[in-house]
Amino acid sequence: MVSASKKISLIPLFMALKSLFPWIQTLILLHLPVISPANFTYPAVFNFGDSNSDTGGLAAGVAFPVGAPNGETYFNKPSGRFCDGRLIIDFLTESMDLPYLKAYLDSVGAPSFRTGCNFAAGGATILPASAAARCPFSFGFQVAQFIRFKARVLELLGKDRRFQKILPSGDYFRDGLYTFDVGQNDIDGAFYSKSENQVIAFIPTILSEFQAGLERLYDEGAKNLWIHGMGPLGCLPRIIATFGKNASKLDRFGCVDSHNRAANLFNSQLHSLCAKLGSQFIGVNVTYVDIFAIKLNLIANFSQFGFKEGIAACCGYGGGALNYDSRIACGETKSLNLNGSMVSATPCDNATEYVNWDGNHYTEAANSFVSSQLLTGKFSDPPPPSLSLSFFLNPYDYDYDYDIT
């Protein structure tokens, strides 16, 4: 037995085998499918979520006003997205050379659903929506919409194959990518009526409902599940303005500690759920993506990535560290005092310099950064095969000193 205080270095062994690495690399790559972390090859995408991936669902479903200046950076007009431009889901579909997803409820303009459909809606929760909720399209509701969508599509295709021009074929439902970014509104909303400990105790209930929805999709034949964790909720200007008035509640980045702790615990349990379902669902790929790590890194080191503001909203009112006022939303003009003078929440001159768009959502520039990191595969579990091979193909990138007892 080797003393715990001693170390055995494996570097000489790797140096001795150095000449064999090209042959090992060739043999491994010849026997594995070619999968690039930055190149998805799915024929269609079916998305479920909230405003982080809503491409027009809430606007179409309840006529929620998502007006200017939303969309000004890329679409040059409002597009139903809570952003100045594209969302993460848009960059994902771009990476697959697929068109942007149309919202399920947006029927105007004869939209094509040939390569997928978006069921996400701003304000959506995992748990069933209350009667007073702004958004009735909770996760279970979205899953039900998908099931009806699929049944109706297959029915129409069975009657007339010409519908294949605008509707996904049966194998697209089987081979497509099912993406999920939901749960933030459940945790966010809970903090308005519960203590931090109560919110944390509430997480299993939320995830139980999420699991039930995933099981229904599994029964419908979904084979590729791509599940985003929650971002750093406590770093949103709205949350900081509401819960961060006392500096002792903030972390070193200026984010609300309690909300980020809850988001981390939610992610930990979601990650475990993904691992469990990955072993239970036969023939299904269940991938968990650590969005929290990517976004927090961006917020904490924004200047290193070319941004000038890590937390302050681009489109808001009030200036200062947050440029956010809960009384007036991005794009609104209204009176906030008794004298009747009007004020406006206007966008900044250059949204590419800001991480946050409107106090609640990210800018297109931030979404682009997050997507670029996400597509490396380094934040996915399980990682793509081509990434997991890096240990063997680049051994000197790692520290091989281990404590042996």
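So, the largest pocket: its volume is about 1,200 Å³. This is a predicted model, where local features need pLDDT of at least 70, side-chain atom pairs count only at pLDDT 80 or more, and totals for chains, interfaces and linings use all residues. Residues are numbered from 1 along each chain as its sequence is written, and side-chain values use heavy atoms, with hydrogens and water left out.

On terms, we work on a 1 Å grid over the protein atoms alone: a pocket is an open set of points with protein on both sides within 12 Å along at least five of seven lines, a cavity is a set where a 1.4 Å probe fits but cannot get out, and lining residues have an atom within 4 Å of a point. Grid points are joined across faces, edges and corners, and the volume is the space filled by probe spheres set on them.

Back to the pocket. It has 43 lining residues, and F64, R134, R238, N360 and H361 lie nearest its centre. By class, that lining has 18 nonpolar, 15 polar and 10 charged residues. Here Ala, Val, Leu, Ile, Met, Phe, Trp, Tyr, Cys and Pro are nonpolar, Asp, Glu, Lys and Arg are charged, and the others, Gly among them, are polar. Which helix gives the largest share of the lining? That's α7, residues 184-190, with five residues. Helices (H or I, at least four residues) and strands (E, at least two) are DSSP runs numbered from the N terminus.

The largest cavity holds about 150 Å³, and of its 19 lining residues, N52, S53, L87, I88 and D181 lie nearest the centre. At least two lining residues each come from α4 (88-95), β4 (177-181) and β5. The second largest cavity has about 70 Å³ of space. Its lining includes N52, D181, H228, I291 and K295, and splits into three nonpolar, six polar and two charged residues.

How many of its 10 residues are buried? Seven are, so α11 is largely enclosed by the rest of the structure. Buried means under 20% relative accessible area, with exposed over 50% and partly exposed in between (1.4 Å probe, protein chains only). I291 and K295 are both among the buried ones in α11, along with F292, I294, L296, L298 and I299.

Next, α10, residues 257-280. This helix has 24 residues and spans 35 Å from first C-alpha to last, close to the 34 Å expected at 1.5 Å a residue; the expected span is 1.5 Å times one less than the number of residues. Its buried residues include H259, F266, L270, L273 and L277. What do the buried residues of α10 pack against? The list is α7, α8 (196-219), β5 (224-228), α9 (237-243), β6 (285-289) and α11 (291-300).

T55 counts as buried because its relative accessibility is 6%. Its side chain makes a 2.9 Å polar contact with that of N118. A polar contact is a pair of N or O atoms within 3.5 Å; within protein, one must be able to donate a hydrogen and the other to accept it, and residues adjacent in sequence count only if both atoms are side-chain atoms. Leaving out residues up to four places away in sequence, T55 touches S79, R81, L87, D90 and K102, among others, where contact means heavy atoms within 4.5 Å.

And the whole chain: 14 helices and 12 strands, with 47% of the 405 residues buried.
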